[in-house]
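Please keep the structure in view while reading.

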Amino acid sequence: MKIFVPIMFVVNLFCATTVFAQTVLFHNVNGYTLTGQPGNEAQLQQFSAMLVRDGRIAAIGSVSSIRGSFDFEIDEEVSLNNKTVLPGIIDAHGHVLGLGLNLMEVDLRTATSEADAVARVREFAEQNPNADWIVGRGWNQENWESRSFPTANSLDEAIPDRPVYLTRVDGHAAWVNSIALSRATISGATVSPDGGDILRDERGNPSGVLVDNAMYLVEQVMPKASRELQTQAIELAFQHLLERGITGVHDAGIDALNLDIYKSLADNNKMPVRVYAMLGANEPTLPQLLAQGPYTRSDERLTVRSVKIYADGALGSRGAALLEPYHDAPDQRGLLVTSPDQLHDLYQLVIPHGFQVNTHAIGDRANRLALDEFARAYATVGGRNLRHRIEHAQVVHPDDLARFKELNIIASMQPTHATSDKNMAEDRLGKERMQGAYAWNTLLEQGTIIAAGSDFPVELADPFFGLHAAVTRQDRDNQPEGGWYVHESMTIVEALRSFTLDAAYASGQEQTLGSLEPGKWADFIVLDADPFVGDSTTLWDQKVLATYVAGETVFQR
């Protein structure tokens with residue numbers, strides 16, 4: 001880690017000719033920012049004062065050096081009481097609407113058993129007697145002693161009069177009751193759809209768990225969330241993110257209505273979090289949206305120039321597409337949510353419009369398919385410089401790791417996935433196939449850029465949980481001792497950079513976001529402690545005291 005003494009940086013763009021600009025001097029700052037070119041060694045700069053003019057950084061350095069270099073009037077001086085200041089966190093993979101809706105639904109993340117989850121669902125149903133459907137998220141059978149998928153029977157006993165739809169923590173499986181199955185006309189005779197699986201009991205009847213594309217059989221008969229409810233959920237999610245120091249998010253897959261809501265919020269100055277939105281590949285109007293070209297606002301509150309494609313499912317529900325059978329289920333290899341032919345057609349459709357392709361790929365087969373399609377696209381329609389991404393890149397065959405660098409692919413990865421998956425990943429893969437799994441350091445060493453995120457609401461939307469996981473390869477109980485496959489850990493500087501400057505690079509915004517350098521937007525956070533001092537095992541326990549976007553306070557504790 002390189003730490004430099006305070007140096008003042010200035011930019012001529014900010015001068016006294018902008019008469020009506022608001023100019024604020026922040027002083028008594030324990031400030032850090034990252035510099036350097038993506039793919040090279042991260043460098044950390046320190047500063048004790050920061051000048052913000054009209055929402056952008058005018059200078060960083062010391063108070064005396066800043067005062068001596070500008071002749072315009074400072075409108076306000078703010079002491080930050082020697083608290084630590086970092087660039088605003090950019091979560092490179094999250095689901096804003098999903099987070100907001102999740103905050104309104106029954107939360108099963110901490111359920112310790114199927115019975116405990118059912119009890120929470122029953123309590124929620126009693127508290128919401130007018131809800132037509134009982135909806136929730138967060139169950140994870142791998143955290144239960146039984147480690148078995150739940151069944152419709154337990155839900156039927158607790159909620160016999162209303163349909164129940166409960167999404168697994170990873171969003172790739174649903175647990176439903178018999179009424180929900182009946183509403184969707186799912187029976188023992190129903191064939192699992194391509195890219196999906198209806199789990200069955202010993203008699204061949206639906207057990208109550210639907211994996212990946214089978215989830216849509218029920219989702220299509222559920223009432224759709226109204227525009228008003230979706231707007232409320234998005235605004236709730238924004239506040240939740242700001243409280244955790246997240247000033248920007250790459251929203252991984254939105255539909256046309258979600259996009260229209262974003263545009264409306266931005267037009268009415270109700271977009272406190274910067275959103276880099278990925279159009280969902282399953283949006284029916286995708287060709288028309290692509291034909292309109294990339295969209296961005298001058299204030300960079302909303303940018304749309306990428307498409308999210310699902311190649312496979314998730315490891316926990318055995319939906320991740322593997323080259324070889326699952327170690328703990330030799331008759332299964334996972335699911336391709338999008339067929340190879342469809343994947344090819346989507347790449348050929350999207351790239352000529354100048355849109356970045358961001359492909360969800362968790363299993364080694366899905367990662368290989370995505371890499372193959374990028375290579376084919378470069379040879380036919382080009383687009384090598386569009387900074388394409390593979391989202392998650394969790395399990396990569398060792399032979400394919402170097403292809404990320406060769407094909408100029410960004411690895412969009414979520415550190416807390418490793419610490420959440422550590423209890424089941426070896427069971428699913430076997431030890432030999434762990435060589436290319438969650439391989440952060442291997443990718444960084446070869447010069448591949450990692451854009452870090454959380455995948456909220458799959459994981460909790462706290463970036464410091466991610467920083468802690470990236471550095472220690474441990475959960476928040478600091479287990480396992482010494483770290484899980486710790487040779488693939490990041491340094492704290494690498495981890496912070498993946499959540500800031502390199503996340504900005506992954507959206508093509510590194511010239512204006514991701515660090516506190518002159519000319520960039522003044523997006524920054526104030527912390528109660530210095531993450532570069534002390535024990536890394538407490539990194540997750542940071543408290544955000546204030547969050548600023550374009551120099552304005554958007555959250556204060």
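In this predicted model, the lining of the second largest pocket is made up of 11 nonpolar, five polar and seven charged residues. The space in this pocket comes to about 380 Å³. Among its 23 lining residues, Gly-55, Arg-301, Val-549, Ala-550 and Glu-552 are the closest to the centre. Two or more lining residues come from each of strand S3 (23–35), strand S7 (76–87) and strand S25 (552–556). The most come from S25, which gives three residues.

Rolling a probe the size of a water molecule over the atoms shows where empty space is left. The structure has three cavities of 30 Å³ or more, and the volume of the largest cavity is about 150 Å³. Its lining has 18 residues, and those nearest the centre are Ile-90, Gly-248, Arg-274, Leu-513 and Asp-523. At least two lining residues come from each of strand S15 (246–254) and strand S16 (274–280). S15 gives the most, with four residues. By type, the lining of the largest cavity has seven nonpolar, eight polar and three charged residues.

The last stop is a single residue. His-240 is part of helix H7, which covers residues 227–243. Is His-240 buried or exposed? His-240 has a relative accessible area of 15%, and buried means under 20%, so His-240 counts as buried. Leaving aside residues up to four places away in sequence, His-240 touches Leu-99, Leu-103 and Ala-461.

Terms used
Residues numbered from 1 in each chain as written. Predicted model: local features only at pLDDT ≥ 70, side-chain atom pairs only at ≥ 80, totals over all residues. Heavy atoms only, no water. Buried < 20%, exposed > 50% of the residue type's maximum accessible area, 1.4 Å probe, protein only. Contact = heavy atoms within 4.5 Å. 1 Å grid on protein atoms, 1.4 Å probe; cavity = no way out; pocket = protein on both sides within 12 Å on 5 of 7 lines; lining within 4 Å. Points joined across faces, edges and corners; volume = space filled by probe spheres on them. Nonpolar A, V, L, I, M, F, W, Y, C, P; charged D, E, K, R; others polar.
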